[in-house]
Amino acid sequence: MIRLANKKILIAVSVLLVAGIGAAFLTSEKAVDYSTDIKPIINKKCISCHGGVKAKGGFSLLFREEALATTESGKPAIIPGDPDHSEMIRRLTLTDPEERMPYKHEALLKEEISLLKKWVKQGAKWGDHWAYLPVKQQTIPDVSGGNNAIDAFVLEKLKAHDLSAAPRADKADLLRRVSLDLIGVYPDDTIAQKFLQGGDQNAYGELVDSLLASPRFGERWASVWLDIARYADTKGYESDGHRNIWKYRDWVINALNSDMPYNQFIIEQVAGDLLPDPTEDQLIATAFQRNAMSNDEGGTDNEEFRNSANMDRVNTVWEGLMGTTFACVQCHSHPYDPFRHEEYYQFLAYYNNGRDEDVPGEFPLLRQFPDSVKPEIDAVVNWTRKAGGDTEAARVKLLLRSYQPAVNATTADSLQHAVIANNNVNLSVQQNGIARLRNIDLNNASEGILRFYSNKPGGQLVFRLDKADGPAFATMSVKPSDRAQTVVFEYPEQQGIHDVFIQYRNTGGGLKPDDFVISFDWMAFHRGLPGKTLPGYTEIKNTYTRLLRMELSGTPIMLENPDNWKRKNVVFERGNRHTPGKEVQPAVPASLRFAQSSSAPSNRLGLAMWMTSPQHPLVSRTIVNRLWEQLFGTGIVETLEDMGTQGLTPSHQALLDYLSYQLMHDYQWSLKKLLREIVLSSTYQQDSRWSESAGDDQYNKLLARGPRLRLSAEQLRDQALCVSGLLSTKMYGPGVMPWQPDGIWNSPYNGARWQQSAGEDQYRRAVYTYWKRTSPYPSMISFDGAQRVVCAARRIRTNTPLQALTTLNDSAYLDMSRHYALRMISSAASKDPSARITAGYNLLFFKSIPAEKLKTLQRLYQQSLEVYTKSPEEAAALLSKKEATGEPKEMAETAALTIVANALLNLDETITKN
Amino acid sequence: MTKQDMINQRLLKEAAAAQMRMHTRRHFLKESAMGLGALAIGSLLGGCGSNAAGNAEPAIAFDPARPLLPKSPPFAGKARSVIYLHMAGAPSQLELFDFKPELMKMDGQDCPPSLLAGKQFAFIKGVPKMLGPQAKFAQHGDSRAWISEHLPHFSTMADDVCFLKAVTTDQFNHAPAQLLMHTGSPRLGRPSMGSWVTYGLGTENQNLPGFVVLTSGGSFPDAGKSVWGSGFLPSVYQGVQCRSEGDPVLFINDPKGMNRDLRKASIDAINEANQQEYKNYHDPEILSRISQYEMAYRMQITAPEVMNINDEPDYIHEMYGTRKGEACLANNVLLARKLVEKGVRFVQLFDWGWDAHGDHAGNSLNLGMINKYRSVDKCMTALLLDLKQRGLLEETLVVWGGEFGRTPMMENRNGVQNPFKGRDHHTEAFTIWMAGGGIKKGYTHGETDEIGYSAVSGKVDAFDIQATILNQLGFNHENFTYPFQGRPFRLTDVGGKVIREIIA
């Protein structure tokens, strides 16, 4: 019954809609528009059988040339200009249910058919979706009122809907709103007071400028970016072990604080390693792509997860940076957007030649030299430049920084008395064991580096050319150690590209044949340091060797394969790696190739150049839309992850394009300038109260009022730390572990433990909290934090009782409540409870508490005070040791105030940005 | 209508009434008229795959303010809730349900090369020996089902359960196999079955989480919390791990030094202040927040009581074989019954320690596993009897199984015979049983070859089981989708066929 009723409504609505379309059609002389008139019909009624995955009867409507091509019947279904002879139109109008299209579904409406007819008559032209066309400069509407161009676009829309803008929010609300938005916490008291006391219009602008200049700015916006970058402190999958990649998080914070132009921000993350003479920071930026998960579970195939990581990288740049869902194309052509199956693999090819191979050691790593030895690195590099030229200098620099190019021992084959441990960990070798390393460039090579572990004395390694019993070109004796070692060895200069056989022999005796006595992580073979005959060589060689042998921690980065290790790029049929199809070369999709410069190299750098070209239609729009969503709660295109034809229609497309154009041109890609423009608009500064004049716009799409939305997980924690006076402003460094209940971490196989941080590390901003993918910090997840397993373009805000339980009962929040109460006491004008509550409210909202609210909280205070006066032991239990030592009266008061503080931290207006 | 139905109807009405109270008439009308705007993300459903135009089910409305309100499935399902008992580590079908006398005859012989050629095992290397069943079997009940001596209690339930004896998988490592079983993909990132079900059906008791996860101490399953994660579904649908130590639900207990009256007073004050806020701002989200705080309070009252099994009578404890104060399977199974009785939609249990390799006594088939059999026999039998006597079995779907099976060969790790009797991971055949929820009673579906190596008839996989579970709850698994990364995803990915043969 219910469904029947719904259907009736649906039909009624369709009739209305169609009547509308029909009316527009009759009164208008203009040509049928593919995107607005035709594509919706095709997508709704035709495409699921005739496009993308399926092309029934050999007919597909996905691309124009497909649609006009000959079908299985031997003739084309659409003849441009001739609807009467177009099979598609004929089949829509038949009565035989076996023949009439859509097959076994309701017939198209008359009005739809006549639109299609007219479209074919006009030449069956295909149109482009707005988001795939370059951003054009916009004309600012001529509307009175508002502060800047943004307001002109918004007011024009409001006017068209007979709505008017709300007045400006009061200063206190505005201060809290803009502070939480721009820096995620409250500003220093002096800055806050200056704004609150300041009278003139400039005060707000000055406030905004000081917020934009605050180091807290980068921390706030890093949290947003890290969802896209799927940053985490662990590797993911089963064992989800630790990953040392926090330097990337710090890079993001710094880049945002220094207002690195957004195009540069993308180039460095996508292709920092391919820039000329990259800096350490530019290499760390490429860890963006190393945030993909890697799988250490025993027995898993490294090659499978290397491919998974690359696909994840592709999906991440498309969804996160270009607002387009591309993952579809992995298996088949995109059913709605102009991307073909093959194009996914052309795009994937940009990533297919990375050195990373899903090994547990996460090589290649950028070695983190202490600053003190950097002059020595410079000395070695300078020496090399002088003695061997720029190319050699770059090679040696890369070698010192990363040991690359090195071959991962897990790729060894032709194993005798040797195994790849767990199929994916390392190469483990027994007495007389031999393994082959393929395709090693030994041109002018005379030096090698090995990373291995062996605690057995008496071992020797022999390196042979091309065969297990081929000529030995190098030998090395293995000194036992209880730790993994990195050893440099030399041999007579070799030429050519060879297979290298590595053989282990031990003459020490006492080994059982079954014992695995040495295990290798990787090996490198390369030229020695040039300039042997120059004075000072011995000294610089010693420095060089010492630098190579230093045991350092490293950050995973992207690096490209040298030419002799280039992998072939192929299409995976239906997305399956085991059914390789034709070979492809790196390329961007044809439909967006117009944004590519002809001089762009055919690698990730070329890819980054394409993305950041001012012609590129998606990158600027995506970031503008994302920043807008952060401030207003809803993007101009609500579906941040998809601006394509399946995404939602923009609420203010001209505004989106205006800001995108400004970003690329006037602002020179400065995100701070963009944010400044938005928060200075009168649109942003509106009061967020709902009023009758706002009409039916429940979701505030037209912006007739200011934004009012729940804070993010990070903003909530940081705000509470801030008002309780606990917030540490310490920046950077490894992830910290604030209080969390026992038993949250319980990983199979690895003994990782949540080791509660000491001192101020307890109270660091949320962006520094250690992020374990399979078990993120509980309060982050209950407030809709992303799991950071894959790129999360958008967080969906929910409202659940588990959130209430978190802010009510989580010990971390109780701790903050206690400190907040103490701060209420110390900042109140008197000992009077109402003065204290008033002070507390002021700390949180910068304004005096409304009388009614004060009454409510005073009552709570009195109820609490009664309880704690009667039972001092309860008060002692609530308070921490430090406060639990005072006079019973004082303790009861502090405890009662803690209950009030806890309530204040739970108010809707606290959890929400007004 | 059973008594439980009536109780549930009442709970439902109460929850709905509470919701209503929180809405001013104005807001309610506005909301109904506006629909859910763009958040009815289901409206984006399009055909990237199998959905032919027009046959998609109506989109599931996702209301972020009340995401767990009960919803009707597309068609009337026979089951109302699910209890899924997962024996992590993978129990041996050959010692419990899949009786293979022929294998006994081959005991100790070298494994024929035909069984090894082109096969991949987790640990077996070279040529292992065959290992006969380490148990005596007998037929039970009218259905004459074979059940081993290790499950004396469960043997009495033969006529109430349905055995699937030819379940297969393509994953031979624990984590991916568990993920496949519960999320439809061996990789991380997909929503688990319980998340799908609570997304589609909501839950009947708003004072308790809709999707509860219980682990019996020891370690988590290998796949970690991802086996009850919400993947790309809103996080509200992830499984809530209820714990046997500490707070039963995270943060459910009041802080030390805050008594229940003060908590009540404090929530009242918060809500009063929020009402004042609502008068000022008219934002309906404030009303939702008020109702969430009320629910949180009710959950604080209800959950510890429901999660406390100590108030059950002694004979019930005796029946389940519970152990006071311990985190064990029997306690969790009893708790699972209490939870479905109170209207929890999906209870997922994980037991641990079933990985019978035989590389030490604790995981050998004839030593350590004996304890595991004992620990599960009594409580899973009690669960079925208890649900039955309460009239709940028909509407509660109970599923029991592991992530894969065990080899008919004895494990020889690195080519050397293991010191104890054990079996390696096996993908080609294992047994899962189901009961209640509209599944045939006393029925066996599927058969393996004479040594239990591979399925010969009635072969099913994880997708088929998922499709069947969804079917029993009232969903066509092919149409129950959620749009993500540009295409509609479903629990069963591109596979799955409802196992019609086992539906009553």
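Helices and strands are DSSP runs, numbered from the N terminus. In these terms, Asn423(A) lies in the loop between strand 5 (413-420) and strand 6 (427-441) of chain A. The structure is a predicted model. The phi angle of Asn423(A) is near 65 degrees, a positive value in a residue other than glycine. With 13 other C-beta atoms within 10 Å, Asn423(A) is partly exposed.

A positive phi, likewise near 65 degrees, is found at Leu703(A), again a residue other than glycine. Leu703(A) belongs to the loop between helix 23 (671-680) and strand 16 (709-710) of chain A. A residue is counted as buried if 20 or more other C-beta atoms lie within 10 Å of its own.

Two cis peptide bonds in chain A are described next. One joins Phe363(A) and Pro364(A), with omega about 0 degrees. Pro364(A) is placed in the loop between helix 16 and strand 3 (365-367) of chain A. Another cis bond runs from Gln404(A) to Pro405(A), where omega is near 0 degrees. The loop that holds Pro405(A) lies between helix 18 (390-402) and strand 4 (407-408) of chain A.

The domain assignment of chain A gives domain 1 (21-127), domain 2 (149-219 + 617-694), domain 3 (227-366 + 571-611), domain 4 (375-552) and domain 5 (811-913). Taken over C-alpha atoms, the centres of domain 1 of chain A and domain 5 of chain A are 69 Å apart.

Helix 16 of chain A spans residues 341-348, and six of its eight residues are buried, so this helix is largely enclosed by the rest of the structure. The buried residues of helix 16 of chain A are His341(A), Glu343(A), Tyr344(A), Tyr345(A), Phe347(A) and Leu348(A). These buried residues pack against helix 15 (302-321) and strand 14 (570-572) of chain A.

Two packed helices are described by the angle between their axes and the distance between the axes. For helix 7 (residues 171-182) and helix 8 (residues 189-197) of chain A, the angle is about 145 degrees and the axes are 10 Å apart. The crossing of helix 7 of chain A with helix 8 of chain A is right-handed. On the side of helix 7 of chain A, the contact involves Lys171(A), Ala172(A) and Leu175(A), which meet Ala192(A), Phe195(A) and Leu196(A) in helix 8 of chain A. By class, this contact between helix 7 and helix 8 of chain A has five nonpolar residues, one charged residue and no polar residues.

In chain B, strand 11 (residues 430-435) has six of its six residues buried, so this strand is largely enclosed by the rest of the structure. Phe430(B), Ile432(B) and Met434(B) point one way from strand 11 of chain B, while Thr431(B), Trp433(B) and Ala435(B) point the other way, and all are buried. Strand 11 of chain B pairs with strand 4 (residues 161-168) of chain B in the antiparallel sense, over five bridges. Within this pairing, Val161(B) has Ala435(B) in strand 11 of chain B as its bridge partner. Strand 8 (residues 396-401) of chain B also runs antiparallel to strand 11 of chain B, and three bridges join them. Here Val399(B) stands opposite Met434(B) in strand 11 of chain B.

Note on methods
Residues numbered from 1 in each chain as written. Chains lettered and ligands numbered in written order. Predicted model: local features only at pLDDT ≥ 70, side-chain atom pairs only at ≥ 80, totals over all residues. Domains from an automatic or database assignment. Axes fitted to C-alpha atoms, helices over the stretch in contact; angles between N-to-C directions. Helix = DSSP H or I, 4+ residues; strand = E, 2+ residues; numbered from the N terminus. Left-handed = near helix turned anticlockwise from the far one by under 90°. Contact = placed C-beta atoms within 7 Å. Nonpolar A, V, L, I, M, F, W, Y, C, P; charged D, E, K, R; others polar. Buried ≥ 20, exposed ≤ 12 C-beta atoms within 10 Å, placed from the backbone. Pairing = 2+ DSSP bridges.
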